[in-house]
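Subject: Structure for you to look at

Hello,

Here is the structure I said I would pass on. Please open it first, then read the notes below it.

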Amino acid sequence: SVPVAQQAYKNAFRAAGAEAPSLGNISSNPQQWSQDESDAMFFGHIFSKKGSDAYMRKIGGGDTNAMVHAYEKFHHTDPNAQPGTNQRAIKAFQ
């Protein structure tokens with residue numbers, strides 16, 4: 001949810017000993033976010049997850065398998081709950 005993402009964003013900065021830059025009145029509809037807002041919510045969320053650093057290093061190197069696995073681990077609680085989720089993720093990250 002958007003409030004959870006906003007809190008994760010703030011917590012990521014707090015954990016680093018800094019204050020998070022204000023996002024102003026970010027929309028509750030992620031489809032209306034600017035690229036900067038989307039990036040802030042993504043990084044706040046991903047870095048709040050234990051074990052994400054190792055994935056981010058691989059993703060930064062272009063490892064598409066790491067992209068799929070990070071998506072499944074950190075975004076979906078159960079990627080097998082909906083048929084085809086894994087295949088759609090693989091297709092999206094290739």
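The largest pocket holds about 570 Å³ of space. Please keep in mind that this is a predicted model. Rolling a probe the size of a water molecule over the atoms shows where empty space is left.

What lines the largest pocket? Its lining is made of 19 residues. Those that lie nearest the centre of the pocket are Met 41, Phe 42, His 45, Phe 74 and His 75. Two or more lining residues come from each of α1 (2–15), α2 and α4 (64–75). Of the elements, α2 gives the largest share, with six residues. Sorted by class, the lining of the largest pocket has 14 nonpolar residues, four polar ones and one charged one.

Phe 42 also turns up on the surface: with Phe 43 and Phe 47 it forms a nonpolar patch there. Together these three residues have about 290 Å² of accessible area.

Phe 47 sits in the loop that runs between α2 (35–46) and α3 (52–60). Is Phe 47 buried, partly exposed or exposed? Its relative accessibility is 42%, so Phe 47 counts as partly exposed, because that class lies between under 20% for buried and over 50% for exposed.

Ser 48 is in the loop between α2 and α3 as well. Ser 48 has a relative accessibility of 40%, and therefore counts as partly exposed. Ser 48 and Met 67 are 19 residues apart along the chain, and 17 Å separates their C-alpha atoms.

Regards

Definitions and conventions
Residues numbered from 1 in each chain as written. Predicted model: local features only at pLDDT ≥ 70, side-chain atom pairs only at ≥ 80, totals over all residues. Heavy atoms only, no water. Patch = residues over 30% accessible without salt bridge, like charges linked within 9 Å, V, L, I, M, F, W, Y side chains within 5 Å. Areas by Shrake-Rupley, 256 points an atom, 1.4 Å probe, with all protein chains shown as cover. Salt bridge = Lys/Arg side-chain N within 4 Å of Asp/Glu carboxyl O. Helix = DSSP H or I, 4+ residues; strand = E, 2+ residues; numbered from the N terminus. Buried < 20%, exposed > 50% of the residue type's maximum accessible area, 1.4 Å probe, protein only. 1 Å grid on protein atoms, 1.4 Å probe; cavity = no way out; pocket = protein on both sides within 12 Å on 5 of 7 lines; lining within 4 Å. Points joined across faces, edges and corners; volume = space filled by probe spheres on them. Nonpolar A, V, L, I, M, F, W, Y, C, P; charged D, E, K, R; others polar.
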